[in-house]
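Please open the structure in a viewer and display the whole chain before starting.

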Amino acid sequence: MIQTGEKELKGIIPGSWRILARFWPQIRQRKLLIGSSLFALLAETALGLLEPWPLKFIFDGVLLSKTDIYPDILGFARGLSPLWLLALLAASIVAIAALRSVTAYLSTYGMALAAIQVLSEVRSNLYSHIQRLSLSFHQRFKSGDLIARVTYDIERLRLVTIKTALPFMANVVTIVGMMGVMFWLNWELALISIAIFPLFAITTSNIVGKIRKETNKHRNSEGAIADTTSETIGAIRVVQALSLHDMLEQNFLIQNTKSLQEGVRSLKLAIFLEGLVKVLMALVLAFVVWRSSLLVLQKTLTPGDVLIFVNYLKTAFDPMRQISKQIGQIAKAIASGERAIDILDYEPHVRDFPGATKAHPFYGSVSFQDVSFGYDPNRQILKQVNFAVEPGQQIALVGPSGSGKSTLASLLLRLYDPTDGGILIDGRDIRSYKLDSLRQQISVVMQDSVLFAVSIRENITYGRLGATDAEVEHAARLANAHDFIMDLPQGYDTVVSERGGTLSGGQRQRIAIARAAIRHSPIVILDEPTTGLDGASEHAVNEALNRLTQGSTTFLISHNLRAVERFDLIFYIEKGEILERGTHPELMAQAGRYAQLYRLQNDANNLDPQGIEHVLEA
Ligand SMILES: Nc1ncnc2c1ncn2[C@@H]1O[C@H](COP(=O)(O)OP(=O)(O)OP(=O)(O)O)[C@@H](O)[C@H]1O
């Protein structure tokens with residue numbers, strides 16, 4: 001048991017090193033601030049050690065009239081009258097306390113400032129890093145867990161650094177300093193006092209290790225709770241429509257109870273640890289008082305020395321008691337810091353390749369050369385896809401659900417990289433372009449466009465940051481959105497509710513089209529942009545899309561084959577392969593899968609796309 005505890009305690013040291021090393025660039029920038037705060041901390045500790053000395057001199061020098069007790073530096077005291085000596089020593093009590101307060105203020109303020117600055121930079125880095133991590137990462141990590149790491153974990157690290165780590169350092173220095181002075185006064189008594197440390201370290205390290213484990217479990221459960229809550233709130237319509245409350249409440253209760261129990265376990269351990277330290281301390285104090293009083297009777301020590309010993313020990317109790325608690329808190333903060341670092345250590349799979357350059361303004365030719373891809377290495381989604389399209393061509397991607405159409409579009413955006421083959425824009429592999437400069441030239445409108453909870457104007461300018469009001473309005477007019485925006489209470493300044501919930505599906509799509517239009521992209525991807533819209537909305541959105549895609553290389557993913565008849569090129573995709581390609585008349589003449597699907601749709605005018613897919617899959 002003890003071995004496990006020691007192992008855990010040892011874990012704190014590599015954990016702290018890992019955090020210091022990872023955040024070193026931010027810490028280094030504040031060398032001066034941190035250095036001067038540490039210096040103030042040392043000064044404060046030294047003044048703390050001096051605190052009982054005036055009392056010793058009052059006892060031995062004034063009350064017992066001893067003259068051989070002053071060190072050389074205070075030799076002048078021997079010539080002073082007792083009254084002057086008393087006044088001087090009383091004044092020194094105040095002076096030491098005042099100086100101690102000043103140095104404590106300087107060290108605490110300096111360290112707190114440095115910690116706030118370092119950790120706010122770390123938090124910004126973490127936020128930016130999470131945004132840049134590949135979609136494959138985001139599919140693996142739940143959003144609630146990531147949110148907890150950016151908010152709760154960093155906040156705890158900040159609080160513990162300010163409120164615990166600095167006092168912890170002060171406590172360690174105080175204890176070491178006190179031990180030094182105790183040895184100088186009487187080695188035997190000092191040894192007795194020190195004897196508690198191995199006992200103390202072994203018992204506490206074991207418990208601290210357990211606290212750390214429990215806290216880690218507790219943090220993970222809290223992350224799971226955040227996840228469940230955000231998932232439920234995100235899908236509240238479905239929850240209410242399907243009356244899932246009872247079932248979800250039940251699941252939540254299980255998670256909540258588990259987290260509560262883990263929290264209680266770590267709290268129990270922390271309280272136990274505190275009690276244990278108190279008992280150990282009382283034992284030492286009793287022994288030292290007994291032994292030192294005997295030494296005074298033998299004239300080896302003066303009563304003033306006993307005062308110093310008892311004062312130091314009593315003063316050290318607090319730091320020692322705190323140390324055990326602080327080690328527990330630091331262990332928790334280290335777990336938090338490591339959770340943040342774990343994320344920072346993830347390399348985005350999709351990133352700028354060495355030597356990548358900023359993309360020139362694209363003409364818009366796109367080619368896929370033997371492109372294969374699978375989300376999971378054991379399951380290929382796209383198989384050896386080959387095609388080349390000219391700038392400004394309009395391409396439709398059709399085929400059954402799950403055939404890989406959206407995946408193909410995702411690869412063009414470099415949301416994922418192909419496992420084999422290459423994708424070229426204007427004759428160059430897209431991995432040779434800087435990622436941002438590639439994505440900035442591609443506009444995307446999805447089936448369910450997500451808007452942000454900011455004004456409509458800002459939502460549109462997210463398409464091209466820095467766009468003027470006139471450009472926003474121009475884009476909105478092109479997207480058939482200007483009129484309905486003007487009918488809203490605050491027009492372009494109307495703040496959209498979370499994920500655009502206050503607008504209709506058609507209105508959201510038109511704002512998304514305006515957001516795409518403001519980019520003036522040479523390449524446009526439309527992923528079922530009109531699915532789920534009613535007739536009137538669909539018409540308005542289609543009109544907007546026609547304007548958006550004019551002159552741009554366009555990839556439209558659609559289940560509605562009538563909507564793609566006029567396209568320059570249609571790819572019929574099935575099971576990750578382009579089975580048929582050509583214009584509508586060419587494909588109809590081929591009388592293959594596309595023609596079969598087209599006829600099915602035409603014959604069954606009222607059959608919805610899902611219905612058609614079932615027919616196809618059958
Ligand atoms: N993020 C992902 N992780 C793992 N598998 C995925 C992921 N996204 C899609 N898939 C799988 O890849 C296959 C192709 O999906 P994709 O969305 O590209 O098809 P699609 O042709 O666009 O379908 P739909 O017409 O229904 O949108 C499907 O089997 C799907 O389950």
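Select V62: leaving out residues up to four places away in sequence, V62 touches F57, P82, L85, L86 and L89, where contact means heavy atoms within 4.5 Å. The model is a predicted one, in which local features need pLDDT of at least 70 and side-chain atom pairs count only at pLDDT 80 or more, while totals for chains, interfaces and linings use all residues. Residues are numbered from 1 along each chain as its sequence is written, and side-chain values use heavy atoms, with hydrogens and water left out.

Next, display the C-alpha atoms of V62 and L89; they are separated by 9.8 Å, although the two residues stand 27 residues apart along the chain. V62 counts as buried because its relative accessibility is 15%; buried means under 20% relative accessible area, exposed over 50%, and partly exposed in between, with a 1.4 Å probe and protein chains only.

Helices (H or I, at least four residues) and strands (E, at least two) are DSSP runs, numbered from the N terminus. The buried residues of α4 are W53, P54, K56, F57, I58, D60, G61 and V62. Then select S65, which follows α4 and has a positive phi, near 55 degrees.

## Second stop: the whole chain

Along the principal axes, the C-alpha trace spans about 120 × 50 × 50 Å.

Colour the chain by accessibility: 46% of the 618 residues count as buried. The chain exposes about 31,500 Å², and carbon and sulfur atoms supply 60% of that area, as computed by the Shrake-Rupley method with a 1.4 Å probe; for residues, only the protein chains shown count as cover. Among contacts between residues at least 6 apart in sequence, 77% join residues at least 24 apart.

Is E338 buried or exposed? At 19% relative accessibility, E338 counts as buried. Beyond its neighbours within four places in sequence, E338 is in contact with G15, R18, I19 and R212.

Now move to K299, in the loop between α11 (245-297) and α12. K299 counts as exposed, at 74% relative accessibility. Its phi is positive, about 65 degrees, although K299 is not a glycine.

Display the open sheet of four strands, whose order is β2-β1-β4-β5 with antiparallel pairing. Two strands pair if DSSP finds at least two bridges between them. Which strands are the edge strands? They are β2 and β5 (428-429), each of which pairs on one side only.

Begin at β2, residues 382-389, and select Q384. Q384 is exposed, with a relative accessible area of 53%, and has a positive phi near 50 degrees in a residue other than glycine.

Next, highlight β1 (residues 366-373), which is joined to β4 by five bridges and runs antiparallel to that strand. In this pairing, S372 of the chain stands opposite D420 in β4.

Finally, select β4 (residues 420-425) with β5; the two pair in the antiparallel sense over two bridges. L424 stands opposite D429 in β5, and I425 stands opposite R428 in β5. The hairpin of β4 and β5 has two residues between the strands, and there D426 takes a positive phi near 50 degrees.
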